[in-house]
Amino acid sequence: MTPMSDELLAWEGNDDLPSVDTVLLPSRAMLRSWREQTLPARRFAIDDALEHFRSVPDNQIGLRDMALLAVISESMQVLEDLAYLGTAWDKPFTGLPNYVRSITFGKFVANSFWQGVHKWDDLRVGVFAGFYGRDPADQGPADILDGFRETDPFTLEHRGALEAARQAAIARVRGILIDLGRDWQQFSPYFLAFKHGALAINRDDTAFVDDEVEEVTDETLRHHPSVAIWTRGVRRDELKADFAMTPNDVADAASGSGRLAASCLDAFVTSRLALVEAVEFSSDGAVVGLRNVQIPWTHWLRAGDLTEEHWATIGRGPRIRWVPRPEELVEPDEQDAKNGETSPNDASEGAG
Amino acid sequence: VKLAITLEHHDHAYVERRGGWELLTHLRGAEARVEFRRQVIRRAWDAFDQAGAADESQARVTGLGLIVLQRALLAAEDLGGVLHALGGPDPWVRVRTASIADMDAAYERAVRDTETVVEESFRLAVANDLHDEGVTPDEVDALMRLRGRLMTRWERMLITATRLWLDHRDVAKASMHGFPIVAGNEVFGPPSAGKLAAAARPSTHGRFAVAVNSRQHGRDIQTTPTTVRLDDDAVAGYRRDGRMAARLYGEICAMQAQSIMSGHKAGIPLGLIKPGSERDIQLIEAAVERTNDDADE
């Protein structure tokens, strides 16, 4: 391998990259599309739904109910997206690139994912956060940094900062996933009712009253839920209503959840894309080089999650700098076999 | 706390026979849902249009186009659900359990046997119903001409809604289940998306995306890339057809609710009376006045 510039090392076609046609290029397109197309669309949809909800006068109760259900729905869609991507990296189809699972419909993907996250161990959360991949052979977690073939080049200081970032991020991501899982449990019935038949309860023809009421009159005490739906499917719980919050509270809670999920999606996609974008392609899809990258480990974190020293050391995350192996250190018969080397050795170049 | 239905009706058993109180309240509440669906389709269209005019990135614009399509298809799903519900017994259960396959079947039946579906959905009276109400032969003829105009309009709307649903429901569903839809410029690059691009076709009309919905069959994963047009004309069509589907849904719900509330098994709405001849308008107005007087007595 020969340096093309400070940031790019020429690739001469004999390294052990995954298949360009079936893995690298499709993954690149999928992930870039997530970043450039899907996330902006999802964020627009949440913002638009919230703005619409806030614009509807309180006395237009039917319209307001639908607008509130839309805020919930647009927000929960992002949680469903996250479930698909999270599942794809947590339980990929054996022998296939991760993205294939993310595009494969499953009736229970979202429910299974969100009902299970609170039981995840650190390694599983670490896979979600991008610190580990799944070994294609046994699905076991494999450290992402081990994928870059090199003897350990990190100093003790770097290793300490990286490990602190990893632990802090896992703790934070676990908290986020548990919170989002609760939100999914709370809001997904409304999401289903909205998208499958707009099953908002017509308030003009109904009243929520105490259980003992037998006849509703003008004097009967009525209760006013923030949102009320006929549930999807035939079950004993034929309707669902929320009496704990105001409509504005529901809108804020649901949209907050959707926006948090969108930030998670962003971080999830960015961390995977950093690896894919380490490969530089020509316009016809041939690999021309390997680009220095920084794996954005710390985008999950807030300022107080690490010490100032660790932030100064790690910045945005470990920086992978590809270096040509000094020829004098390589036996002639090894040179062809070890034509490309990596050196994830420069964490301190992080931008912070 | 429990839910009480506060609506009153002179014949409880009739309401139950027509699908029950829950269905009736749901049908009566359609107007707000229609207004909502139409407003949000328009809002997504405005954002799409503005992003295109501002020359924002292609992927950003196609993403907004997909939101237009998704919102249009939600309106079409409302309509498909009610068509399915009214096409069989236990309509309230059918509203709440309609599957994609159910709605496909309802839409397919709508284009195969449009007249029956329109009569069933709109409770549209036939000549004998009118004779039974004491309407004169001339008045019946005038009402049948009005009925013909209504049939033509609703047939056209049903066919348009059916095409919207059957052509795009997979993409819209995908946009709600993990969004396996790749921006066109990312599929065809440069660089292109390898095998993914090899299996897909670009649109010849401009902006587009490629839906790559996949299904698992045993150990096989089957992916059929579908090109989704997201050029201005196509997205304008999604907006138009989605808003129309919402309107049609609202008209069906209103006709059904009116029919249940009035206790009449069928009727002919007078919304399109104006394009008729002066003579027809006079005859119909006379018939309406007389039958209303009879009802009052």
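Colleague: Which residue in E1(B) stands opposite Ala207(A)?

Modeller: Opposite Ala207(A) stands Ala4(B). This is a predicted model, in which local features need pLDDT of at least 70 and side-chain atom pairs count only at pLDDT 80 or more, whereas totals for chains, interfaces and linings use all residues. Residues are numbered from 1 along each chain as its sequence is written, chains are lettered from A and ligands numbered from 1 in the order in which they are written, and side-chain values use heavy atoms, with hydrogens and water left out.

Colleague: What makes strand E4 of chain A and strand E1 of chain B a pair?

Modeller: Two strands pair if DSSP finds at least two bridges between them, and strands here are DSSP runs of at least two residues, as helices are H or I runs of at least four, both numbered from the N terminus. E4 (residues 206–209) of chain A and E1 (residues 2–5) of chain B have 4 bridges in the antiparallel sense, so they count as paired.

Colleague: Which strands form the open sheet that takes in E1(B), and which stand at its edges?

Modeller: The order is E5(A)-E4(A)-E1(B), with antiparallel pairing. Its edge strands are E5 (222–223) of chain A and E1 of chain B, each of which pairs on one side only. E4(A) and E5(A) are joined over 2 bridges, and there Phe208(A) stands opposite His223(A).

Colleague: Why are E2 and E6 of chain B called edges of their sheet?

Modeller: That open sheet has 3 strands in the order E2-E3-E6 of chain B, paired antiparallel. Strand E2 (181–183) and strand E6 (226–229) each have a single partner strand, so one side of each is left without a neighbour in the sheet. From one strand to the next the twist averages 30°, with axes fitted as lines to C-alpha atoms, for helices over the stretch in contact, and angles running from 0 to 180 degrees between N-to-C directions.

Colleague: What packs on this sheet from chain A, and at what angle to E2(B)?

Modeller: Helix H1 (residues 20–55) of chain A touches E2 and E3 of chain B, its direction making about 80° with that of E2(B); contact means heavy atoms within 4.5 Å. From chain B, H4(B) lies across E2, E3 and E6, running at about 145° to E2(B).

Colleague: How much area is buried between chain B and chain A?

Modeller: About 5,900 Å² is buried, of which carbon and sulfur atoms give 59%; this is the accessible area (1.4 Å probe) that the two parts lose on being put together, summed over both. Val1(B), Leu3(B) and Arg96(B) supply 13% of the area that chain B buries against chain A, more than any other three residues. The contact takes 68 residues from chain B and 72 residues from chain A.

Colleague: Why is the link between Arg96(B) and Glu238(A) called a salt bridge?

Modeller: The term asks for a side-chain nitrogen of Lys or Arg within 4 Å of a carboxyl oxygen of Asp or Glu. In this pair the closest N and O atoms are 3.0 Å apart, so the link meets the definition. The count between chain B and chain A is 7 salt bridges. Helix H4 (residues 58–86) of chain B gives the largest share of the side of chain B that touches chain A, 12 residues.

Colleague: Where does Pro190(B) lie, and what is the peptide bond from Gly189(B) to it, cis or trans?

Modeller: Pro190(B) is in the loop between helix H10 (184–188) and helix H11 (195–198) of chain B, and the bond from Gly189(B) is cis, with omega near 10°. The bond from Pro190(B) to Pro191(B) is cis too, with omega near -10°.
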